[in-house]
Amino acid sequence: MVALASAVVAAGTVTGMMSALDDGRGSDEARPDVSGSPFLQPLPAVPTPSSSATSSSPSPSPSVSASKAGPSPRPSKSTATRPRTETASVRLYRHSDSQVLDWVRANPDDPRRPVIESRIADRPAAVWFADHTPSNITSRVRAVTSAGAAKGGVPVVVPYAIPDRDCGGASQGGAPDLGAYDGWIGKFAAGLGTREVVVILEPDAIAQSDCLSEGERTARFSALARAGRVLKAANPKARVYFDAGHSDWNSPQKQAGLLRRAGAASAASSDGIFSNVSNFNRTDEEVAYVRRTLDALGGPASLGAVIDTSRNGNGAPADGEWCDPAGRKLGQAPTLRTGEAGVDAYLWVKLPGESDGCRGKPGTFTPDYAYDLAR
């Protein structure tokens, strides 16, 4: 079956989600805002306007990434429990520089605007750093984390610059080599500040590593373990999560073995794992999967998981379609209070409404798609 790789990027650019690329606006361009974490409630339908409505895209040359993964059985819901480590804050930070917010500001009279604004634009979502620019990565990360701290919210940041990203596929890019990546991560870590921050470390880098030779895989996993240690040493309040793919990709046992090699079982580098980034699997399926993966991983009982719920309201399509599949809906709103043992947060790592490449140009905000997800 087709398993959607987690990020929507092209070499040297962030495409999709919220971006924090160097766009010439200055290192402190943050324009912060904070959103709470309520559950989604039904909203009335709004007539779809003509296709002439505009959309904006601050990130050029997007592409979508997909990877093949052999089918693995869906885990049954686990009854295993783990102590859940609460963060001090219960508010997630919403960065105010995103394609959806640009569209909302530019289209005040569009009949889709109220639904898109209230159900997507007003929600906190991850900020991606997908370009290898050592010269300014510290200031750009700091702009996000300091703005979140000023508003009393917890930012979610995504370092995405591992070499050989996407196995050379559509989302290829990243640092030129692991030495350069180590340096970039060090500069990234220097921008994390001293307050709480969630770090989604390199989506797909572990689950999608079969394309590498054994030596290359070992070197990548060592680099990820180093990255986790550097991030947590720079900010002890940073919560760093490692790539667990999703419940339709690797089995919990296989994924746990890979995660262990990458340092995810060590409290010095890891707070746990993340799953379902840019995918559609239902939350209960992912909860069962991450619990089984954590059980197989071992490590401290404090290790937890975060799940991307941005587009999983109707679950994954039966035919395995990954590219803007019809009939999908928004999932659980982002929150640090899940009520599930071992699950630290539901997050919107992939920003809903940004196309996989079928409803619009890959990685760009597509209002018709966003409206279909939100209504």
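**Exercises on cores and a buried helix**

In the largest nonpolar core, which has 48 residues, Tyr181, Leu192 and Leu224 touch the most other members. A nonpolar core is a set of buried Ala, Val, Leu, Ile, Met, Phe, Trp, Tyr and Cys residues joined through side-chain atoms within 4.5 Å; buried means under 20% relative accessible area with a 1.4 Å probe, protein chains only. The model is predicted, so local features need pLDDT of at least 70 and side-chain atom pairs pLDDT 80 or more, while totals for chains, interfaces and linings use all residues. Residues are numbered from 1 along each chain, and side-chain values use heavy atoms, without hydrogens and water.

**Exercise 1.** Determine which residues Leu192 touches, not counting residues up to four places away in sequence.

*Solution.* 
Step 1. Apply the criterion for contact: heavy atoms within 4.5 Å.
Step 2. List the partners of Leu192: Val141, Thr145, Val157, Val197, Val199, Leu231, Asn235 and Ala238.

**Exercise 2.** Explain why helix 8 (residues 367-374) is described as largely enclosed.

*Solution.* 
Step 1. Locate the helix, a DSSP run of H or I with at least four residues, numbered from the N terminus.
Step 2. Identify its buried residues: Pro367, Tyr369, Ala370, Tyr371, Leu373 and Ala374.
Step 3. Conclude that helix 8 is largely enclosed by the rest of the structure, because 6 of its 8 residues are buried.
Step 4. Name the cover, which includes helix 1 (99-106) and helix 2 (113-121).

**Exercise 3.** State what percentage of the protein chain is buried.

*Solution.* Of its 375 residues, 59% are buried.

Terms used: Buried means under 20% relative accessible area, exposed over 50%, partly exposed in between (1.4 Å probe, protein chains only). Helices (H or I, at least four residues) and strands (E, at least two) are DSSP runs, numbered from the N terminus.
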